[in-house]
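Colleague: I am new to this structure and would like a close look at a single part of it. Please start from one residue, then show me what lies elsewhere in the chain.

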Amino acid sequence: MKYDIVKNSREDALLSAASSEMQEDIQPFEGKFPKAEQVAWLGCLPRPLLSWYDEEKRDLPWRENTDPYRVWVSEIMLQQTRVEAVKEGYVRFLSVLPDLKSLAEAPEELLMKLWEGMGYYSRARNLQKAARIALATWGGLPASVEKLRSLPGIGDYTAGAVASIAFGIPAPAVDGNVLRVLARLLNSSRDVLEPAAKKEAEALLRPIIPKDRAGGFTQALMELGALICVPGSPKCEACPVSSLCLGFRAGTASVLPVKKSKKARRVEERTVFLLITPQGKVALEKRPSKGLLAGMWQFPNAEGSFSREQGRRLWEEKEFFVGQTQKLPQAVHIFSHIEWHMTGIALFLREEPPAEKVDGDKNSDFQRDGREEKKPGQSGPAALVWASLEELRTEKALPAAFRAYRKVFEGIVEKGPTEDEPEQLMLPV
Ligand code: SF4
């Protein structure tokens, strides 16, 4: 679809001056945002961008209305999770916790279950803390960037997004998507991973946000980054602002933005153990209360790549009677700074664990001796709880990192163990 750019006389003048300069040579903007000419150039952006957004925006559940609670929950969920993964979780979450009060009063186990599949569970805890503070302090979410920013889990981006979308405040909301779009529009060689780049981008956007369409502008810019100006190869031929885009004209769009300071993720080998009882229950343990996936349930696991025999010895030393073992497929889960490269072993126990070992919620090492920082995967029998497939589906929230092995467990419960050695198979997570 082709979009006509509606221009006023100021925009005409800017465009024609810049276009004639660019016929000769398109030089990248170097150094920091913003320069006066960059702000002037971007002043042409809102109208074509908004007219495209009004026609093409996706029908997403959080766009039904601009209720601050709904907007805020969606923005927190979308921080580090794909739209497709959030859609279903968002509807489920809102149907059970429809307002600030219900969120503030929700039991933690329910909150974690509702957050299942979206990862970064500390966001859910912060959401609840923020709901309690906002209710106690202002009786609801405040219509102020600074007050929103003071709440747990709300940074500059989320404060700007909620303020503009829910309250119509002309506040910028800059995340990685917006930085990418801006760098390309301006053909800028700014390293967008430098912390200062976000503040500079906010200063670029602040003067051009339309006062009557602040929320629409925020969402339109995000939508452009999500659908058209995507990472890697942007879809410039379908872009509503390509005639404004210096990166497109210079042929540099696909190599922008510049990211110099990106650190490589640390790779960690882990072995996940599915300890399965004759009644088809599987062992779970709780992660430490601080750090990665804090306080979440997990399948017991340990650093390193274990053979079946090593896995059997490890659990027999903990007084479990292991029968058959089965090597499980590999899986990879990527966190922001670390990658888990996992392998798995299913260990089929010959007998049910003794009764005193079954109720880990009451008998776990964590609660019995207060050693909350015990490393995961080093649980003794009393730190384990035993969950049926049904309990896994309805009560125990497992982080997405273990989704692949949860599927394996489902297959084992439904079809039974196999002698196969599926080591070549890589499970998507
Ligand atoms: Fe992005 Fe291409 Fe549009 Fe420029 S023309 S904003 S690079 S999609």
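Modeller: Take S305, which sits in the loop between β4 (301–303) and α15 (308–316). The model is a predicted one, and what follows is computed from it.

Next, the partners of S305. Once neighbours within four places in sequence are left aside, S305 is in contact with E269, T271 and T343. E268 is 37 residues away from S305 along the chain, and the C-alpha atoms of the two are separated by 9.8 Å.

The chain has 429 residues, of which 39% count as buried, and it contains 20 helices and 8 strands.

One of those helices is α5, covering residues 83–96. Its 14 residues reach 20 Å from the first C-alpha to the last, close to the 20 Å expected at 1.5 Å a residue. Buried in α5 are V86, Y90, F93 and L94. An α-helix has 3.6 residues a turn, so residues three or four places apart point the same way. The buried residues of α5 pack against α4 (68–78) and α7 (108–115).

A pair of helices comes next. Helix α3 (residues 46–56) packs with helix α13 (residues 214–227) at an angle of about 75°, their axes being 9 Å apart. The angle therefore makes α3 roughly perpendicular to α13. On the α3 side the contact is made by P46, L49, L50 and Y53, while α13 contributes G216, F217, Q219, A220, L221, E223 and L224. Sorted by class, this contact of α3 with α13 has 8 nonpolar, 2 polar and 1 charged residues.

Last, the ligand. There are 15 residues around it, and C229, C236, C239, C245 and A253 come nearest. Which helix gives the most to this shell? It is α11, with 3 residues. Both α11 (176–185) and α14 (246–250) supply at least two residues each. By class, the shell around the ligand divides into 11 nonpolar, 2 polar and 2 charged residues.

Note on methods. Residues are numbered from 1 along each chain as its sequence is written. This is a predicted model: local features need pLDDT of at least 70, side-chain atom pairs count only at pLDDT 80 or more; totals for chains, interfaces and linings use all residues. Axes are lines fitted to C-alpha atoms, for helices over the stretch in contact, and angles run from 0 to 180 degrees between N-to-C directions. Helices (H or I, at least four residues) and strands (E, at least two) are DSSP runs, numbered from the N terminus. Angles under 35 degrees count as roughly parallel, over 145 as roughly antiparallel, 65 to 115 as roughly perpendicular and the rest as oblique. Two residues are in contact if their C-beta atoms, placed from the backbone, lie within 7 Å. Ala, Val, Leu, Ile, Met, Phe, Trp, Tyr, Cys and Pro count as nonpolar, Asp, Glu, Lys and Arg as charged, and the others, Gly among them, as polar. A residue is buried if 20 or more other C-beta atoms lie within 10 Å of its own, exposed if 12 or fewer, and partly exposed in between; C-beta atoms are placed from the backbone. The expected span of a helix is 1.5 Å times one less than its number of residues. A residue is near a molecule or strand if its C-beta atom, placed from the backbone, lies within 6 Å of it.
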